Each structure stands twice: as C-alpha cells, then as structure tokens.
Amino acid sequence: MIRNRWAFLLIFFILTGASHTLADEPEAHGYINIHNVTILLKPGYADVHVTYTIDEAFRLLILMFGENDVKTKLISTLNFSNATLEKMDFDSADLKVYETKTVYGDGLYWFPAHEFGTTIPNLTIISNQSTQHLRNISKIPNGIVYY
C-alpha cells in the first residue's frame, strides 16, 4: 500500500511539473518538439527521419508505461496517413511512408503535396535529382516528381 501511495505521489509531481513546462512553451506540440525532418524519396515510398526532444518529465512515464502515446503523437504531428514506424528512441524516429504514386508507369514517382500538423524548423527533401533544404515550413505545397 505504501509503494502505491509513493508511486501515485511521484506521478502526480511529475505531471504537475510537466504542465508548467508545457505552459512555458506554447510552440511545442504537447510534450514533443520536432527539430528536423529528412525525407529521402525512394522508388514507390519515402524514408522519413525525424529528430525531436521529449520533455524530461515525460521520459520517466514513457519508461514506466511504454511508448505507444509517443508513436501516436509523432505520426499525428507529422500527419502522414500511410506510414509505418520502423525505429524510435528518445530523440529520433524512422518512418516508411507509402504515399507515393506511380506516374505513367515509366519509373517515375509522385510524392504528393503534404501538410504537417506543426511547423517543421528544418526540412530536407532528398531525391536522386536534388536536395532541398527548407526552414520553418508547415506544408509541402507542390508534389515532387522523382525516379
């Protein structure tokens, strides 16, 4: 019984401290703050690498209760509808996004326009033809054709 009371108090103080942290940073998307997104366009899909920070108060809760909420928050923040999470840790994640379309069946692919659920401070889009570096962007207004 004493252990449960101490565990409850610990969680209560962590959450109370986290709510003050969230109030100080309105730009953060909940307890996760995205710093960089790199989209590497491949034939028929895209590899997406994301770097982020998680508030210190939530790291203990993630260790105790698992990372499902972080996965859900990350995918909803990036706003990819057809993505699978390949790898994730406390400061980065790798996703595979299957939103590309075949163009004319000649080995050309189309990565459509995309709107993120937040502003991405640094976005890099890499194809076999070019590399684009974009700053403070919330959407990719035009799609990208690549092969």
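This is a predicted model: local features need pLDDT of at least 70, side-chain atom pairs count only at pLDDT 80 or more; totals for chains, interfaces and linings use all residues.
Staying with Tyr52, what does it touch beyond four places in sequence? The list includes Ile32, Asn33, Ile34 and His35, then Leu74, and then a run from Met88 through Ala93. Tyr52 also belongs to the largest nonpolar core, which has 32 residues. Among the residues with the most contacts inside that core are Val37, Ile39, Val50, Tyr52 and Phe111. As background, nonpolar side chains in soluble globular proteins tend to be buried together.

Now the other neighbour of β1. Strand β7, residues 114-126, runs parallel to β1, with 5 bridges between them. Thr38 stands opposite Thr124 of β7. Is Thr124 buried or exposed? Thr124 has a relative accessible area of 14%, and it counts as buried because that is under the 20% cut-off. Its contacts, again leaving out close sequence neighbours, are Val37, Thr38, Ile39, Thr131, Gln132 and His133.

Next, charges. How many salt bridges does a search of the whole structure find? The search gives 3. In one of them, Asp47 and Lys96 have their closest N and O atoms 3.0 Å apart. That pair links distant parts of the chain, with Asp47 in β2 and Lys96 in strand β4, 49 residues apart. Lys96 is buried at 16% relative accessibility, whereas Asp47 is partly exposed at 23%.

Glu56 and Arg59 form another salt bridge, at 3.6 Å from N to O. Both sit in helix α2, 3 residues apart, about one turn of the helix. Glu56 is exposed at 63%, while Arg59 is partly exposed at 23%.

Lys87 and Asp94 also meet in a salt bridge, at 3.9 Å. Both are partly exposed, Lys87 at 44% and Asp94 at 22%.

Last, the surface. Leu60, Leu63, Met64 and Phe65 form a nonpolar patch there, with about 430 Å² of accessible area together. Leu60 lies in helix α2, residues 56-65. Why does Leu60 count as partly exposed? Its relative accessibility is 33%, so it falls between the 20% and 50% cut-offs.

Methods
Residues are numbered from 1 along each chain as its sequence is written. Side-chain values use heavy atoms; hydrogens and water are left out. Patches are made of residues with over 30% relative accessible area and no salt bridge: like charges are joined within 9 Å, nonpolar side chains (Val, Leu, Ile, Met, Phe, Trp, Tyr) within 5 Å. Accessible areas come from the Shrake-Rupley method with a 1.4 Å probe; for residues, only the protein chains shown count as cover. A salt bridge is a side-chain nitrogen of Lys or Arg within 4 Å of a carboxyl oxygen of Asp or Glu. Helices (H or I, at least four residues) and strands (E, at least two) are DSSP runs, numbered from the N terminus. Buried means under 20% relative accessible area, exposed over 50%, partly exposed in between (1.4 Å probe, protein chains only). A nonpolar core is a set of buried Ala, Val, Leu, Ile, Met, Phe, Trp, Tyr and Cys residues joined through side-chain atoms within 4.5 Å. Contact means heavy atoms within 4.5 Å. Two strands pair if DSSP finds at least two bridges between them.
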